[in-house]
Amino acid sequence: MNSSMMQMPLLISSLLVHAERHHGDQEIVSRRVEGDVHRLTFRQLAQRARQLANALAALGIRSPDRVATLAWNGYRHMELYFAASGSGAVLHTLNPRLHPDQLLYIADHAEDRVLFFDLTFLPLVEEVAKRSTTLKTFVAMTTRDHMPDSSITDLQCYEDLLDAQPGDFAWPMLDENQAASMCYTSGTTGMPKGVVYSQRSTVLHTYAAALPDALNCSSGDVILPVVPMFHVNAWGLPYIACMVGAKLVFPGPALDGESLYNLIESEGVTLSAGVPTVWQSLLTCADQHDLAFTTMRRTVVGGAACPPAMLRRFQNRYDVEVLHAWGMTELSPLGTVCSLTGAQRTKPTQQREAMQAKQGRAVFGIDMKLVTDDGQELAWDGESVGNLLVRGPWVAAGYFRHEGTAPLIDGWFPTGDVARIDPQGFMQITDRSKDVIKSGGEWISSIDIENLAMSHEAVATAACIGVKHPKWDERPLLVVVRKADAHVSRETLLAFMDGKIAKWWMPDDVVFVDSIPLGATGKVQKNLLREQLAPIRA
Ligand code: AMP
């Protein structure tokens with residue numbers, strides 16, 4: 001029996017149409033590469049996105065041509081999100097922090113046709129332009145008076161392209177399952193792999209991510225996505241803002257603590273989202289200048305484990321609630337959010353904080369399970385540790401042009417993360433499977449050790465890696481960056497940790513370094529640390 005419901009495809013363009021109709025006066029504020037702070041409304045953005053859709057057509061872009069971007073968080077980047085995906089082309093956000101060789105590989109592998117870029121990235125784009133076999137058109141996202149001298153022949157100007165086009169464009173009724181955007185994994189080993197999001201998966205992810213027990217967004221919010229638009233669509237926040245009518249504040253290239261703080265205060269930001277390393281610099285700036293957050297009430301921390309010490313600092317010192325979230329490129333990205341239940345909110349502070357340090361419960365649409373290496377399902381008892389598998393309508397079933405590989409196991413996506421899940425369904429990541437420390441046949445959680453080390457007042461960052469051991473196979477080595485002007489010795493730190501974790505989890509040694517290598521998405525590169533430090537220990 002058929003339903004009597006309409007068959008309306010779930011389309012990204014409908015998010016913008018909704019924002020224009022119902023929240024037309026809502027603002028999008030962007031700190032630009034040109035240095036100034038720019039403002040426009042959803043109504044104006046929608047009009048410019050239609051002009052841009054016409055401009056893409058005039059450049060010869062057809063569905064499903066790939067439209068690449070190399071850009072910071074800003075309104076022009078957002079216009080591209082909607083003009084490309086809305087008109088049936090495929091938005092491909094490139095990560096400027098990647099090595100030019102990797103960028104070139106990704107652009108050619110995805111068969112990008114046109115590249116839109118912020119001026120900051122001109123040297124990188126010139127390098128790519130010389131060698132790319134697929135990119136034919138390059139557009140600098142600026143006005144005529146800021147157009148640079150460049151080795152790129154026929155370099156186009158973004159605002160000129162828009163000016164030449166009318167503001168009427170009928171968003172096509174696309175197939176909701178067709179490709180809308182793509183993002184490559186950061187690939188610490190091997191070449192990056194392309195994940196292709198559909199119109200439908202994006203809209204469903206938007207609904208779920210906006211929910212109260214997920215990111216809890218509404219028209220009363222002022223959202224600052226510090227997480228880049230070049231990495232998994234800034235966790236979907238540009239789409240969410242359209243769906244709920246929230247004000248958006250884009251930081252552009254100014255991601256230092258002071259610039260972020262000023263923007264948060266001047267624009268009345270209520271909710272922000274970013275990786276722990278970014279928040280570290282914001283908190284350092286706030287601590288040093290004895291600042292207060294007068295409007296920011298919540299911050300989403302994800303991409304890497306949120307150290308409990310950071311959580312406590314945000315909540316207890318600054319009255320900013322931390323929403324710990326977990327996800328990945330293959331999950332669009334949201335998988336879990338650590339939103340406390342009503343009953344948990346009434347618990348004593350320490351218990352609440354211990355709960356919030358977990359990565360949280362699955363948002364509706366995501367199904368999770370834990371399995372052993374040989375596929376046996378593990379109990380959700382808060383203790384059993386195993387491989388985390390997920391499935392859902394916004395989880396990747398495969399990679400772009402990677403036919404040989406079938407990532408799914410009986411319809412489940414193996415995340416590569418190792419976790420435990422408690423009886424209430426709160427998941428806690430203990431490691432990446434390739435970073436797990438195997439000692440005497442048992443697993444040691446590097447994240448638990450790092451979190452403990454980072455709760456010492458003199459420790460800025462810590463990373464724990466496994467190094468070879470003749471008897472135990474591997475033993476933990478703790479790598480520490482001290483806070484500026486802080487002193488802590490190996491012995492003091494080990495004494496501080498002693499008794500707070502199992503004896504056999506205690507690091508065999510502590511190495512103090514000036515910095516810990518971070519990858520293109522702000523994660524500690526443990527493979528590099530192992531390469532650098534393991535030989536010294538051998
Ligand atoms: P990416 O696809 O580059 O976004 O990286 C996804 C990976 O980042 C996940 O598989 C996790 O290993 C890690 N990750 C993301 N969020 C968290 C979190 N809250 N805690 C621990 N690891 C995380």
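Which residue lies over the face of F512? Hold that thought for a second. The model is predicted, so keep that in mind as we go. Now the reply. R482 lies over the face of F512. The distance from the ring centre is 3.8 Å. There is another case like this. Look at K500 and F496. The charged end of K500 sits over the ring of F496, 3.9 Å from the centre of that ring.

Let's stay with rings. A pair of aromatic rings is described by the distance of the centres and the angle of the planes. The count here comes to 9 aromatic pairs. Take F169 and W171. Their ring centres are 5.2 Å apart. Their planes meet at 70 degrees, and planes over 60 degrees apart count as edge-to-face, so this pair is edge-to-face. Is each ring residue buried or exposed? W171 is buried, because its relative accessible area of 17% is under the 20% limit. F169 has a relative accessible area of 22%, so F169 counts as partly exposed.

Next pair: W279 and F314. The centres are 6.1 Å apart, and the planes stand at 85 degrees, so this pair is edge-to-face too. Where do these two residues sit? W279 lies in helix α11, residues 276–288. F314 lies in helix α12, residues 308–318. The pair therefore ties together parts that are 35 residues apart in sequence. Both W279 and F314 are buried. One more item on rings: Y81, F82 and Y239 form one aromatic cluster.

On to the ligand. What classes make up the shell?

Now the nitrogen atoms of the ligand. One of them is 2.8 Å from an N or O atom in the side chain of Q359. For A305, a backbone N or O atom lies 3.1 Å from a ligand nitrogen. For A304, again a backbone N or O atom, the distance to a nitrogen of the ligand is 3.5 Å. How much of the ligand does the protein bury? Taken alone, the ligand exposes 500 Å², and the protein buries 92% of that.

Next, a serine. S272 is in strand β12, residues 271–274. Its relative accessibility is 0%, so S272 counts as buried. What does its side chain contact? The side chain of S272 makes a polar contact with the side chain of T299, at 2.9 Å.

Last topic: the backbone. Which peptide bonds are cis? Two examples. A cis peptide bond joins S63 and P64, with omega about 0 degrees. P64 is in the loop between α2 and β3. The bond from S332 to P333 is also cis, with omega near 5 degrees. P333 is in the loop between β14 and β15.

Then there is phi. W235 is not a glycine, yet its phi is positive, about 55 degrees. W235 is in helix α8, residues 232–235. At 11% relative accessibility, W235 counts as buried. D410 is not a glycine either, and its phi is positive, about 50 degrees. D410 is in the loop between β18 and β19. Its relative accessibility is 75%, over the 50% cut-off, so D410 counts as exposed.

Methods. Residues numbered from 1 in each chain as written. Predicted model: local features only at pLDDT ≥ 70, side-chain atom pairs only at ≥ 80, totals over all residues. Heavy atoms only, no water. Polar contact = N/O pair within 3.5 Å; in protein donor to acceptor, adjacent residues only side chain to side chain. Areas by Shrake-Rupley, 256 points an atom, 1.4 Å probe, with all protein chains shown as cover. Phe/Tyr/Trp six-rings, centres within 6.5 Å; stacked < 30°, edge-to-face > 60°. Buried < 20%, exposed > 50% of the residue type's maximum accessible area, 1.4 Å probe, protein only. Helix = DSSP H or I, 4+ residues; strand = E, 2+ residues; numbered from the N terminus. Lys NZ or Arg CZ within 6 Å of the ring centre and 35° of its normal.
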